[in-house]
Amino acid sequence: QAVFCSTGTKPTAGVPDASVPVLAEMFGCSVLLRSLLCGASLGLVATQQVGTQQPEVHPEMWMEVDCTKSECKWEKKSVVIDANWRWFNKDGQNCYMEDNTWNPATCSDPVKCAQTCGLDGADYAATYGVFPTAYKDGMKLEFVTKGPYSTNYGSRLYVMDGEDTYKIFKLKNREFAFEVDVSELRCGLNGAVYFVEMDRKGGWDGGNNKAGAKYGTGYCDAQCPHDIKFIGGQANLINWNHTAIPPTGHYGTCCAEMDIWEANNMATAFTPHVCKKPGLTMCEGVTCGDTDKGERYLGICDKDGCDYNPFRMGDHRFYGDGPRFDVDTSRPFTVVTQFITTDGTDEGDLSEIKRFYIQDGEVIPNSDARVLGRDSGNSLTDEFCDAQKAKFGDPNDFGNKGGMKAMGEALDRGMVLVLSLWDDTLVHMLWLDSAYPTDQPPRRPGVLRGPCPGGMDSQPSFLRENHPDASVAYSAFKVGEIGSTLTQTRRMSATFV
């Protein structure tokens, strides 16, 4: 059996069936094992070549684009699952081994490994629990999926603009909206919708990387994760630490990240993360800003970000499960995020990120930042971030690395849309929905992020055993000019099928 896991802060892989020994538990993901009928086992990791065992068929997803206040245009898109979930092999033999080491027969050299091993297609529904929504304008992601060869936990999807390229969104002076149902997401889980500055082709180069975006390659984020198996057309096997959780290599993969939505039914946050360099950076040393080396604030990316969490900002009755909350998470609602510029044009600098919600036809403004005092606003600005960091005693790495202007520059260059569902093996999602850090008193400003108690109930082992039916659904995606996405429509005409 071959072990796989990847990513730094977002979901990545499945876990083995109970009948197969679990070899590792990773941060944000686990192990996925799948056996061939002949008895061989297949390791699942990111890869660069194309396999031949199963064709890749992307699930379709319609969305509304170029919205004005009078109309939107429907476009037929699709989604692809991240390469880290897939079977990575050479002629049915694992390229990554059960003890989290690389197979020396195929992967003794970073470039040779990328040229030798292949990545196969995915069975989205049966293996990964990914289903189109009723109108085919979104995706439902199931937490636990028991397939014919394995049990999978969570998933991470990218929106495509064709068979071989990711759709690039440019959101400055635009607004982005979608409907979400988090009613089945309890404490410790995270349904996330976010943008990262990935390459449009997923790093495809026709040589070492022939898989590209079609197979979900090229992931990066502001955490500069070291557990991505392939970066820049080569295997990340140098100084590979197979005993780390998750296993890590010498290189990390960094890029700007705009977290539109990280949430369960008890807490939510939206957070921009900026980087000093454009696009994907294959980092090493101090450039990566590794926390375990004491270099978190020395790297090129802002790992903390500037978050807006209503509960953390002092409003404990704004978002939660039931009718007593302003936003009732027991029922679907729409999330709208606006990217405002200094002069109201596409050329202006990003100055503000605004949020509001729509439920039962009612527009609900974001909650006020009560912890900062009167007239502190309810949106993200450089002034808000400065005040929040000072109040909570946190380093202002967001401001130091360029703040709103830098985030706007990343939005101008274009970013890829990510849809995911994950659990958190490292800190059990306490940073989102409970008290964190755990060595600080909950009454200290900024420590309490949500009402969840933490402890056993938020641990992945408990969630996987007791809440396998958890799921999240994202739908009705719209993007367009400011103020354009309020009309509630669905693609019901057979013309668009």
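In this predicted model, W240 is buried, with a relative accessible area of 13%. W102 is likewise buried, at a relative accessible area of 9%; both values fall under the 20% limit that defines the buried class. The structure holds 26 aromatic pairs. W102 and W240 form one of them: their ring centres are 5.5 Å apart and their planes stand at 70°, so the arrangement is edge-to-face, the class assigned to angles over 60 degrees. This pair links distant parts of the chain, 138 residues apart. W102 belongs to the loop between strand 7 (93-94) and helix 1 (110-116), whereas W240 belongs to the loop between strand 18 (234-235) and strand 19 (252-254).

A further edge-to-face pair consists of F178 and Y474, with 6.3 Å from centre to centre and 75° between the planes. Because F178 lies in strand 15 (residues 175-181) and Y474 in strand 29 (residues 471-480), the pair ties together parts that are 296 residues apart in sequence. F178 is buried, with a relative accessible area of 1%, and Y474 is buried with a value of 0%. F178 and Y474 also belong to one aromatic cluster, whose members include F195, W261, F333 and F477.

Which strand contains residues 333-341, and how many of its residues are buried? This is strand 25, in which nine of the nine residues are buried, so the strand is largely enclosed by the rest of the structure. In a regular strand the side chains alternate between the two faces of the sheet. In strand 25, F333, V335, T337, F339 and T341 point one way, while T334, V336, Q338 and I340 point the other way, and all are buried. F333, a member of the aromatic cluster, is the bridge partner of V180. Strand 15 and strand 25 run antiparallel and are joined by six bridges. Strand 25 also pairs with strand 26 (residues 350-359), in the antiparallel sense and over eight bridges. In that pairing V336 stands opposite F356 of strand 26.

Strand 16 (residues 189-196) is also mostly covered, with eight of its eight residues buried. L189, G191, V193 and F195 point one way from strand 16, and N190, A192, Y194 and V196 point the other way. Strand 16 runs antiparallel to strand 28 (residues 415-423), to which eight bridges join it; here F195 stands opposite L417. Six bridges join strand 16 to strand 20 (residues 257-263), again in an antiparallel arrangement. V193 stands opposite W261 in strand 20. F195 and W261 are both among the members of the aromatic cluster.

The charged end of R156 sits over the ring of Y219, at 3.6 Å from the ring centre. The charged end of K229 sits over the ring of Y96, with a distance of 5.0 Å to the centre.

How values were computed. Residues numbered from 1 in each chain as written. Predicted model: local features only at pLDDT ≥ 70, side-chain atom pairs only at ≥ 80, totals over all residues. Heavy atoms only, no water. Phe/Tyr/Trp six-rings, centres within 6.5 Å; stacked < 30°, edge-to-face > 60°. Helix = DSSP H or I, 4+ residues; strand = E, 2+ residues; numbered from the N terminus. Buried < 20%, exposed > 50% of the residue type's maximum accessible area, 1.4 Å probe, protein only. Lys NZ or Arg CZ within 6 Å of the ring centre and 35° of its normal. Pairing = 2+ DSSP bridges.
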